[in-house]
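Open the model in your viewer and keep the sequence panel beside it. This tour goes stop by stop, with a selection at each one.

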Amino acid sequence: MKNIDTMLKEYVRRLNDDDLRYLFSRYSQLLCGDRADAINFLSQAKDVDRWLSSASSSFELFNMVDELGELVTEAYNAKFEDRK
């Protein structure tokens, strides 16, 4: 089985521009419901859903979601910040 970090980086790399923008918009402000929207979106990918379902508590789940959010932010900045 792949290393978790590798799996998450590959997932973020596979996102199309619209999906990357959507997730970035959820992570950039974390308004009411944004984490829930991000989790619902992320759970559509079987490998990510399996990883998220391994959380033993809500605290761990939120940490996992935030970890993935950091990768999304990095990918977004690398892809779109140069276009400004």
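## Stop one: a loop and what follows

Select L30, which is found in the loop between α2 and α3. Helices here are DSSP runs of H or I with at least four residues, numbered from the N terminus. This is a predicted model, so local features need pLDDT of at least 70 and side-chain atom pairs count only at pLDDT 80 or more, while totals for chains, interfaces and linings use all residues. Residues are numbered from 1 along each chain as its sequence is written, and side-chain values use heavy atoms, with hydrogens and water left out.

Check the backbone of L30: phi is positive, about 50°, although L30 is not a glycine. L30 is partly exposed, with a relative accessible area of 35%. The classes are buried under 20%, exposed over 50%, and partly exposed in between (1.4 Å probe, protein chains only).

Next, select D34 in helix α3. D34 counts as buried at 9% relative accessibility.

## Stop two: the rings

How many aromatic pairs does the ring rule give? The count comes to 3. Under that rule, rings of Phe, Tyr and Trp (its six-membered ring) pair if their centres lie within 6.5 Å; planes under 30 degrees apart are stacked, over 60 edge-to-face, the rest tilted.

Select Y22 and F41. This pair is tilted, at 5.4 Å centre to centre and 45° between the planes. Y22 lies in helix α2 (residues 17-29) and F41 in helix α3 (residues 34-42), so the pair ties together parts 19 residues apart in sequence. Y22 is partly exposed at 27% relative accessible area, whereas F41 counts as buried at 15%.

Move to F24 and Y76. They form a stacked pair: 3.8 Å centre to centre, 0° between the planes. F24 sits in helix α2 and Y76 in helix α5, 52 residues apart, and the pair links these distant parts of the chain. Both residues are buried.

## Stop three: the negative patch

Show the surface and select D5, E67, E70 and E74. These residues gather in a patch of negative charge. Patch members have over 30% relative accessible area and no salt bridge, and like charges are joined within 9 Å. A salt bridge is a side-chain nitrogen of Lys or Arg within 4 Å of a carboxyl oxygen of Asp or Glu. Helix α5 (residues 58-80) gives the largest share, 3 residues. E74 lies in that helix.

Definitions and conventions:
Patches are made of residues with over 30% relative accessible area and no salt bridge: like charges are joined within 9 Å, nonpolar side chains (Val, Leu, Ile, Met, Phe, Trp, Tyr) within 5 Å. Accessible areas come from the Shrake-Rupley method with a 1.4 Å probe; for residues, only the protein chains shown count as cover. Lys and Arg count as positive and Asp and Glu as negative; His and the chain ends are not counted. The place of a charge is taken as NZ of Lys, CZ of Arg, CG of Asp or CD of Glu. Helices (H or I, at least four residues) and strands (E, at least two) are DSSP runs, numbered from the N terminus.
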